[in-house]
Amino acid sequence: MLKEYYSRNELIKFVSNTPKDIEICDVTLRDGEQTPGVVFTREEKIALARELDEVGVEIIEAGFPVVSAAEKDTVKEIAGMGLDARTCCLSRALIADVDSAIDCNVDMVSIFIAMSDLHLKHKYHKSCKEITDCAFNTIEYAKDHGLSVRFAAEDATRTDISVLKKAFLTAEDYGVDYVSIADTIGILNPSTAYYLVTEIKKEIHTPVCIHCHNDLGLATANTLAAAEAGAKQLHTTVNGIGERAGNAALEEVLLSLMVQYGIEKYNTRNIKKISDLVQKYSNVQVAANKAIVGKNAFSHESGIHVMAILEDPRTYELFSPEIVGGKRNLIAGKHTGMKALKGIVKDIGYSLEEEELNLLIERVKNCTEAKKGISRNRLEDIIKGIKKV
Ligand SMILES: CC(=O)SCCNC(=O)CCNC(=O)[C@H](O)C(C)(C)COP(=O)(O)OP(=O)(O)OC[C@H]1O[C@@H](n2cnc3c(N)ncnc32)[C@H](O)[C@@H]1OP(=O)(O)O
Ligand SMILES: O=C(O)CCC(=O)C(=O)O
């Protein structure tokens with residue numbers, strides 16, 4: 001049986017360009033930790049930073065140092081780990097926040113402000129000029145202290161595009177290294193994500209970042225659309241954790257980059273491991289049907305599917321479980337067919353006569369129709385019972 005494979009979406013060449021020169025900034029340790037109720041300990045953050053580095057993400061956003069003294073110490077420790085990934089931390093448009101970033105020795109500081117009317121009126125109670133002036137002063141200060149700077153526009157997707165462009169252009173004059181479009185409340189769809197990045201790139205020559213939230217379940221799709229329009233830095237979190245419905249999931253973005261565009265530069269084999277760790281440390285359970293890392297992502301029960309998979313798994317799998325460090329699981333149940341059952345029985349080391357198989361399939365169907373699941377152990381017990389008769 002084939003060990004590692006994936007199918008490419010060959011249709012993509014008719015509708016879009018392959019994104020060039022993309023990088024991942026994983027924000028699990030900052031935005032991911034903003035998931036209500038989630039706290040990562042110092043040890044957990046350090047372990048996750050190491051695993052993210054193994055995956056090969058280019059940037060790790062390690063935290064928001066002014067949140068607490070412990071947070072600041074951990075960000076500093078991660079910045080000093082000697083990882084291949086560059087490290088980054090969040091900062092408001094306040095000199096004190098940038099000072100904290102400087103103390104942490106991170107490579108990059110992400111200085112954010114919002115410029116949408118709602119945020120100006122109900123959060124800052126300031127004019128756009130007042131808040132952008134704060135941002136530019138802070139950017140200048142960070143640049144003077146040798147930091148790489150990302151200028152992030154929070155709620156960018158509800159901000160007047162001309163306001164956004166003007167702020168990005170001025171930030172460019174101050175020497176920012178990236179500008180970030182944050183879809184803070186997850187309002188975009190793929191076509192508007194594409195449009196917005198295209199519009200920004202018409203005037204801004206600084207690399208563009210895209211930071212998508214998942215309030216409509218579109219975060220990954222929007223991130224890809226932005227990448228197709230030329231966004232360089234894609235923001236992700238493991239398992240898609242984050243504020244409210246979360247962020248674009250690292251595993252979804254990486255596998256999409258591979259299947260859609262043939263981008264294979266990340267070590268995807270570490271994905272299941274890091275997903276399990278984030279599930280454990282965050283206590284946020286991954287849904288069974290979650291793409292790539294859910295319990296069912298490589299589980300198959302339907303007879304017609306399983307019979308084909310036994311011959312060639314590419315028939316019903318987009319990519320092999322090994323590619324993400326996962327495992328295939330063939331399940332016996334109401335939807336099992338005879339060919340599938342023969343394969344499953346053989347797989348667990350038994351050989352049954354035709355009559356025994358008929359009896360087994362009847363018992364499997366009766367059992368699962370009574371809503372009793374059939375584990376491998378249970379199946380083995382039924383087989384042993386049939387063999388004795
Ligand atoms: C889109 C995002 O994800 S933004 C990041 C969200 N993350 C967090 O909020 C992290 C957790 N937050 C915290 O621990 C705390 O809110 C802290 C440490 C950041 C600040 O705590 P406090 O000093 O107690 O301030 P508090 O939370 O009450 O208010 C936030 C202040 O920051 C100001 N502020 C908010 N965003 C910005 C910004 N981008 N630039 C400058 N000031 C800002 C607010 O206007 C408010 O100022 P005020 O006190 O003068 O009214
Ligand atoms: O764009 C960024 O870098 C961060 C912004 C952010 O976290 C948000 O708006 O949700």
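**Close-up views of a predicted model**

**View 1. Asn-105 lies in the loop between helix H4 (95-104) and strand S4 (108-114).** Helices (H or I, at least four residues) and strands (E, at least two) are DSSP runs, numbered from the N terminus. The phi angle of Asn-105 is near 65°, a positive value in a residue other than glycine. Asn-105 is partly exposed, with 13 other C-beta atoms within 10 Å; a residue is buried with 20 or more such atoms, exposed with 12 or fewer, and partly exposed in between, C-beta atoms being placed from the backbone. The model is predicted, and local features need pLDDT of at least 70. Residues are numbered from 1 along each chain as its sequence is written.

**View 2. His-125 is found in the loop between helix H5 (117-124) and helix H6 (128-144).** Although His-125 is not a glycine, its phi is positive, at about 55°. His-125 counts as exposed because it has 8 C-beta neighbours inside 10 Å.

**View 3. Helix H8 (residues 190-203) packs with helix H9 (residues 219-228) at an angle of about 35°.** Their axes are 8 Å apart; axes are lines fitted to C-alpha atoms, for helices over the stretch in contact, and angles run from 0 to 180 degrees between N-to-C directions. On the H8 side, Pro-190, Ala-193, Tyr-194 and Val-197 meet Ala-221, Asn-222, Ala-225, Ala-226 and Glu-228 of H9, contact requiring C-beta atoms, placed from the backbone, within 7 Å.

Conventions
Chains lettered and ligands numbered in written order. Predicted model: local features only at pLDDT ≥ 70, side-chain atom pairs only at ≥ 80, totals over all residues. Contact = placed C-beta atoms within 7 Å.
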